[in-house]
Amino acid sequence: MNGLKVTHYRHFWQALVVLIVDIAFFTRTDASKIAPFLLIVGILLLAATFYELIYGLLSFARLYGLPIRHKNRLAIYLSGILVLIVALQSIGGLTPRDILVLLPLTTIGYIYGLYTSTRRRNLDG
């Protein structure tokens, strides 16, 4: 990383585009008056926002001596968890039991995904 040349990184531009689209979409919509299709678009946009935010935080963690090898996959899993929690909360279906079930299942899924990708690489080589 050379100085403050952050604008050369692809994720900076992706985060900037997601932020602009967030501002344009969420300031012009009222959740109680729009079509269900636009609610789905809002959830997908929220997922993209969480992904970019988490990926940026994981990249920033490297400055503090915490290198994370699978940032992309970890950001996808964590943003998926957050979007699912927000979606359940928005429809009034979130209970502590949901979180207690969701976190171990996604942790097992993440570890299994890492295991299978590592094993596939070892079999190919």
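Trainee: How many helices and how many strands are there in the protein chain?

Mentor: Keep in mind that this is a predicted model, where local features need pLDDT of at least 70, side-chain atom pairs count only at pLDDT 80 or more, and totals for chains, interfaces and linings use all residues. Residues are numbered from 1 along each chain as its sequence is written, and side-chain values use heavy atoms, with hydrogens and water left out. Helices (H or I, at least four residues) and strands (E, at least two) are DSSP runs, numbered from the N terminus. The elements run α-α-α-α from that end, giving 4 helices and 0 strands.

Trainee: What share of the residues of the protein chain counts as buried?

Mentor: Buried means under 20% relative accessible area, exposed is over 50%, and partly exposed lies in between (1.4 Å probe, protein chains only). Of the 125 residues in the chain, the buried share is 20%.

Trainee: How far apart are the end C-alpha atoms of helix α1?

Mentor: Start with what you'd expect: 1.5 Å times one less than the number of residues. Helix α1 covers residues 10–28, so its 19 residues should span 27 Å. The model agrees with that, as the end C-alpha atoms are apart by 28 Å.

Trainee: On what arc around the axis do the buried residues of α1 sit?

Mentor: The buried ones in α1 are H11, V18, D22 and F25. They lie on the same side of α1 because the arc they cover, taken from the directions from the helix axis to the C-beta atoms, is only 85°.

Trainee: Is E52 buried or exposed?

Mentor: E52 sits in helix α2. Leaving out residues up to four places away in sequence, E52 touches H11, Q14, A15 and V18, a contact being heavy atoms within 4.5 Å. Its relative accessibility is 11%, so E52 counts as buried.

Trainee: What accessible area does the nonpolar patch with F12 have?

Mentor: Nonpolar patches take side chains of Val, Leu, Ile, Met, Phe, Trp and Tyr within 5 Å, from residues with over 30% relative accessible area and no salt bridge, while like charges are joined within 9 Å. F12, in helix α1, counts as partly exposed because its relative accessibility is 31%. With F12 the patch holds Y9, W13, L16, L19, I20 and I23, and by the Shrake-Rupley method with a 1.4 Å probe, where only the protein chains shown count as cover for residues, the area together is about 660 Å².

Trainee: Which residue does D30 form a salt bridge with?

Mentor: The structure holds 1 salt bridge, meaning a side-chain nitrogen of Lys or Arg within 4 Å of a carboxyl oxygen of Asp or Glu. The closest N and O atoms are 4.0 Å apart, and the partner is K33.

Trainee: How far apart in space are L103 and I81, C-alpha to C-alpha?

Mentor: L103 lies in helix α4 (residues 96–124) and is partly exposed at 39% relative accessibility, whereas I81 is among the buried residues of α3. They are 22 residues apart in sequence, and their C-alpha distance is 7.7 Å.
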